[in-house]
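Me: Hi! Could you help me look through this protein?
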Amino acid sequence: MSEFEKERERQIAERLREMPKSQRANYLKAQEGKSRCAAMKAKCLDCMGYKIEEVRQCTDLACSHYLYRPYQNGHKNETDDQDGQKGGQCDE
Ligand code: SF4
């Protein structure tokens, strides 16, 4: 394993420890390169301290993720569909 890969693993493990357990599967899906929607969701939740309501009410209209952020349609449980984006605008 290269030094880059070791450092990446270390940082991912650290991030996993910091987030709610409920968000870890989505985050790992993104880190495995399996879903751009998962990556978008993980980024928005990280950005807003894992508070769904804060993502929904995001006021950073200039953010490149704004139109794609999850939770725009009022769903709280967004982990039960194919790509974990029920209610979101991601269209990968
Ligand atoms: S859209 Fe809002 S919540 Fe998502 S990354 Fe941008 S600023 Fe953060």
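Me: What is the handedness of the crossing of α2 and α3?
Reply: The crossing of α2 and α3 is left-handed, a term used when the near helix is turned anticlockwise from the far one by less than a right angle, with clockwise being right-handed. By the way, this is a predicted model, where local features need pLDDT of at least 70, side-chain atom pairs count only at pLDDT 80 or more, and totals for chains, interfaces and linings use all residues. Residues are numbered from 1 along each chain as its sequence is written.

Me: At what angle do α2 and α3 cross?
Reply: Their axes cross at roughly 125 degrees and come within 8 Å. Axes are lines fitted to C-alpha atoms, for helices over the stretch in contact, and angles run from 0 to 180 degrees between N-to-C directions. So α2 and α3 are oblique to each other; angles under 35 degrees count as roughly parallel, over 145 as roughly antiparallel, 65 to 115 as roughly perpendicular and the rest as oblique.

Me: Which residues meet there?
Reply: From α2, N26, Y27, K29 and A30 meet A38, A39, K41 and A42 of α3 (contact puts C-beta atoms, placed from the backbone, within 7 Å).

Me: New topic: how many helices does the protein have?
Reply: There are four helices and zero strands. Both are DSSP runs numbered from the N terminus: helices are H or I with at least four residues, strands E with at least two.

Me: And what surrounds the ligand?
Reply: Its neighbours include C44, D60 and H65, with C-beta atoms, placed from the backbone, within 6 Å of the ligand. Helix α3 (residues 36–47) gives the largest share of that shell, three residues.

Definitions and conventions:
Two residues are in contact if their C-beta atoms, placed from the backbone, lie within 7 Å.
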